[in-house]
Amino acid sequence: MSWIWAFAGGYLLDALFGDPPRRTHPVCLFARAALGGEKILRRLASSPLGLRLAGAILVLTLVGGAWTAGWLVLRAAEELSPWLASAFGGWMIFSSLARRDLLRAVGEVERALSRGSLGTAREKVSELVGRDTACLSAEEVARAAAESASENLVDGVVAPLFYAALGGPALALAYRAVNTLDSLFGYRDERCLHFGWAAARLDDLANFLPARLGGLLLLGAAFGEGLPWKSGALAWRLFAPAHPSPNAGIPEAVTAGCLGLRFGGTNSYGGRVEERALLWPSGRPPRAEDLPRVMGLVNRASHLGFVLFGVGLLARTVLF
């Protein structure tokens, strides 16, 4: 069936309400299932190879289970009514998106910084990033929020919309499972280095196309607003490859170049210090007043992605 109404409805629900209630949010359900599965599988494996296999089993089980459960629910609903299937599909897409809550979280950081409440700003930005935030300066907090907004445009908006348009709500739900597993296990610390290998690699693969589409959407949004989009394209070409992630560096570099900001630098993760390559080195460090500009660019890119993917889905429905 056509998922155009589910696609539009899911995006509208996210715009109106943000994330669903925690008790029914797929991310919370996936996280509980993943952590429970980790406990069981770690009892069966201890060697690096065994942990990698155990992590791969968990990833395949949960991602495959998410897609299968979504597909079965939609098929059962479709037998009763196409509109009921659209309603369930819209809920799945709504549950996969995080645009409103991402912008809300960044806005809370900006308001705390503007009030001079650095402690509150550090606490708020810790909800967005995995780095240590307790000792960050105001500029470092602003940079963390700006980088997170740029990166999470892909995870929270572009990728779910892309997979919903490509394969329907069940595929968007499966993508959310992939992203949740990466957020739980996709680290290079002692606990996750081997067990989280499969989750991290699958997330890199799943975000490969969406990250590049996200970069193009940011350039399109910048062009539409009269921003220096060519600087964003140059930052993508010159500086994104130096980012440790094959995907996250693209939206970060484009945002930095388009807005004349300098992303990257020193980050600390669990006390482990990393020196990240500078993205748009000629820019200035982000400040609190730059966060609305970042949010505006991310928001416009989100809407542009919704329109373009929606048109593609509609064209496919009409033609095929």
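This is a predicted model: local features need pLDDT of at least 70, side-chain atom pairs count only at pLDDT 80 or more; totals for chains, interfaces and linings use all residues.
Start with a general idea. Two packed helices are described by two things: the angle between their axes and the distance between the axes.

Take helix H3, residues 48-80, and helix H4, residues 82-96. Their axes lie 6 Å apart and pack at an angle of about 155°. Angles over 145 degrees count as roughly antiparallel. H3 and H4 are therefore roughly antiparallel to each other. Which residues make the contact? H3 supplies Gly70, Val73, Leu74, Ala77, Glu78 and Leu80. H4 supplies Pro82, Leu84, Ala85, Phe88, Gly89 and Met92. Nine residues of this contact are nonpolar, two are polar and one is charged.

Now move to helix H10, residues 208-224, and helix H11, residues 229-238. Their axes come within 8 Å and cross at roughly 160°. H10 and H11 are therefore roughly antiparallel to each other. On H10, the contact uses Arg212, Gly215, Leu216, Leu219, Ala222 and Phe223. On H11, it uses Trp229, Gly232, Ala233 and Trp236. Seven residues of the contact of H10 with H11 are nonpolar, two are polar and one is charged.

Finally, look at Leu279. It sits in the loop between strand S2 (272-275) and helix H13 (291-319). Is Leu279 buried or exposed? Its relative accessible area is 1%, so Leu279 is buried. Under 20% counts as buried. Leu279 touches several residues beyond four places away in sequence, including Phe239, His243, Glu252, Leu261 and Phe263. Arg262 is another residue that Leu279 touches. Leu279 and Arg262 are 17 residues apart in sequence, yet 5.8 Å apart in space, C-alpha to C-alpha.

Key:
Residues are numbered from 1 along each chain as its sequence is written. Side-chain values use heavy atoms; hydrogens and water are left out. Axes are lines fitted to C-alpha atoms, for helices over the stretch in contact, and angles run from 0 to 180 degrees between N-to-C directions. Helices (H or I, at least four residues) and strands (E, at least two) are DSSP runs, numbered from the N terminus. Angles under 35 degrees count as roughly parallel, over 145 as roughly antiparallel, 65 to 115 as roughly perpendicular and the rest as oblique. Contact means heavy atoms within 4.5 Å. Ala, Val, Leu, Ile, Met, Phe, Trp, Tyr, Cys and Pro count as nonpolar, Asp, Glu, Lys and Arg as charged, and the others, Gly among them, as polar. Buried means under 20% relative accessible area, exposed over 50%, partly exposed in between (1.4 Å probe, protein chains only).
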